[in-house]
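These are my notebook entries on a single chain. I set down what I looked up, entry by entry.

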Amino acid sequence: MVVLELLRLNLLLQAAAFDPGRYPQLHFEALSEVHVEQLHVEPPVWRLRGFLSKEDCQQLIEEGRSGLRPEKVYTKSRVLFDEKKTQPVAFVSPLLASGAYVFHDGDLFWTCGAFVAGLLSTILLRELVRWYVTEVASANGRGGARFRGLKWQLGPLLPGETETEGARARLLDRAQALCAVPDRQFLEPPFLTCYRQGDGQSLHVDSKELPNDKWSPQDKANFEASGGQRMVQCLVYLNDVAPEHGGATAFHHEAMASRARQEDLSQNRFLKALRASYEGGIYRQAAERGERTVILVPCAECLEAEHFGQSFLETHLLQASAMPNCYMNLLGQGVEIKESSVTTQLGFQEHRICEVLQNDSMYDLSNTFKVLVIDKPLIGRFRPLAAEKIGAESGSLDDLLLHSPAIQGEFFDEVDRFRKTFVQVPGCENRTAERIREIVTDAVDKLSRQHQLNATRAAQLEFAVSRQAYTALHSFVFPHLQSLLTTQEEKLQTAVKFYGSVEELLKVVPGGDRLILVDVSAPAEQLELLDGKIAPHEKIECVDQAHRLLQKSIGSERTLNAAPLEITGDDVLSLFILVVFRSQVKNFLAHVCHMEMYLQGPSRSGGGARFEEAGYAVSALQA
């Protein structure tokens, strides 16, 4: 059975005790052998590893499981009730009043009565829902904060237990030292909680309701006597569960986006080696610089080596420079740090872009500095993460950009900037295509370096990335082509409609008398799909498929007739004329121009086309 044991302890703050400002100051230096990480700045969330010893954790667990501690049952605790979910019922009153006005021929008595009745019903319904959620549905019908699990009180002393000895006493001592409160009266009695598989606690708030004008003087006095508002909550996890079983502490405040599980820095081999082997030297010097220091920590999954040399460690210890976002490591090499990526710059033999997986603040040696967990080291060999293996090993490159959020963000920012700032000039569509190709090439180069792709894979990747670029820019580029070619499109449609049937068209098409037996209905149906395609890549594939069907139709006709049917290059052009006539494609010239924009110019994939035959099919259609 999966069981998670934890402690919850709240700090009560009275104005008479001390004035902490917005948040009470936490004194981490008062705790020995504690690893401190800041998970969130505003509001502040800290993670302390080693707050209690393993022996104390086990003792508290046994006290709960053995029934030595009294069980706590919630009866009247507050829950979070979302009134926004009841807002739609506000339309009940106007609807009832409107109905009464219509059915009673505008009688104001019935109209007003219906409105009042609807209003009272709405208020009653809202209060009924509030009562049910907060008192009945919560905690399996017992009321409370929708809690499923077991709770025991650690406040009362056990027989023979003292205030200064035992795991409970050491827990309270460390909490008192951390918060620097003068007495334990400012700490609420802690609770021991046991979550078994399927247990949990739904969305709720742990702060107390503040006094307001409706409170009586006695209620306000009782609030102050009970300790006042909760200012700090301390959750002590006494054990852990395997990742596959889930389990997490989630914060519902809009300012926070806490992940269920992050890199355990205390177990990271790189950071352990840095602190253990060089604490008297480079690590201490880096920590003493405080906020000017950034430590890059390669994630545990990407590390291949078990031991690290001093140069490897010094490469990942950074100091802020005078230029924004630019840092220098202890070897004098330059590193650029953006919001979600770290890029090697001056002095590195290999250019690497590392994804920032985790952004933490660490408190150690009486200083706070930044720690960034990255997906690969700045130098040396590494083990690709699972997301990279998908693109580099399994052959699926379409999602490679998705699995590189930093490069993806820069790519789509550049695409959006192009859309907003680039001016499309009629007749200069080649320049538009060149700029799109530059954006794509830049993204492909970054992805190729990061994922170490060979030339063949890079060409395939360029096809996938350029398709995403043209898809994102479809509403910007294609309407321009439609507007530009409106006159020519009208002339083409007029010319097509001039011929009433395929037979009339065959009389003027070169070699039409020999091609009358070729069935072009299937290629025409395939070509009609052009109007539903977005990216030119998809349109090229559609034309290529139409060309293949046309060849199949020619082959079938050769089989059915004893006399061989000789098909020349000019005959292919004539057959494509028939296909266009039968397909009734709208915006035909705009589609052709759209495909030409992608096909033109040099690229890794050989002029932009994925296959030479596809390029030939498009050329035949253009002709």
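Is Tyr283 buried or exposed? I found Tyr283 to be buried, at 0% relative accessibility; buried means under 20% relative accessible area, exposed over 50% and partly exposed in between, with a 1.4 Å probe and protein chains only.

**Basis of the entries**

I worked from a predicted model, in which local features need pLDDT of at least 70 and side-chain atom pairs count only at pLDDT 80 or more, while totals for chains, interfaces and linings use all residues. Residues are numbered from 1 along each chain as its sequence is written, and side-chain values use heavy atoms, with hydrogens and water left out.

**Whole chain**

I noted 21 helices and 15 strands in the chain; helices (H or I, at least four residues) and strands (E, at least two) are DSSP runs numbered from the N terminus. Of the 623 residues, 42% are buried. Of the contacts between residues at least 6 apart in sequence, 69% join residues at least 24 apart, where contact means heavy atoms within 4.5 Å.

**Aromatic pairs**

I looked up rings of Phe, Tyr and Trp (its six-membered ring), which pair if their centres lie within 6.5 Å; planes under 30 degrees apart count as stacked, over 60 as edge-to-face and the rest as tilted. By this rule I recorded 10 aromatic pairs. One of them is Phe270 with Phe308, edge-to-face at 5.9 Å centre to centre and 75° between the planes. Phe270 belongs to helix H6 (residues 269–278) and Phe308 to the loop between strand S9 (293–298) and helix H8 (310–315), so this pair ties together parts 38 residues apart in sequence. Phe270 is buried at a relative accessible area of 0%, and Phe308 is buried at 13%.

I then turned to Tyr283 and Phe369, whose ring centres are 6.4 Å apart with planes at 85°, so that pair is edge-to-face. Tyr283 is in helix H7 (residues 282–288) and Phe369 in strand S15 (residues 367–374), 86 residues apart. Phe369 is buried, with a relative accessible area of 2%. I also recorded one aromatic cluster formed by Phe270, Phe308 and Phe312.

**Helix H20**

How far apart are the end C-alpha atoms of H20? I found 17 Å, which agrees with the 16 Å that its 12 residues (588–599) should span; the expected span is 1.5 Å times one less than the number of residues. H20 is mostly covered, with 10 of its 12 residues buried, among them Phe588, His591, Cys593 and Tyr598.

Helix H14 (residues 486–498) packs on H20 at an angle of about 125°, with the axes 8 Å apart. Axes are lines fitted to C-alpha atoms, for helices over the stretch in contact, and angles run from 0 to 180 degrees between N-to-C directions. H14 and H20 are therefore oblique to each other: angles under 35 degrees count as roughly parallel, over 145 as roughly antiparallel, 65 to 115 as roughly perpendicular and the rest as oblique. At this packing, Gln488, Glu489 and Leu492 of H14 meet Phe588, Leu589 and Ala590 of H20.

**Positive phi**

Asn587, in the loop between helix H19 (569–583) and H20, has a positive phi of about 55° although it is not a glycine. I found Asn587 to be partly exposed at 27% relative accessibility. For Asn325, phi is near 70°, and this residue is partly exposed at 45%.
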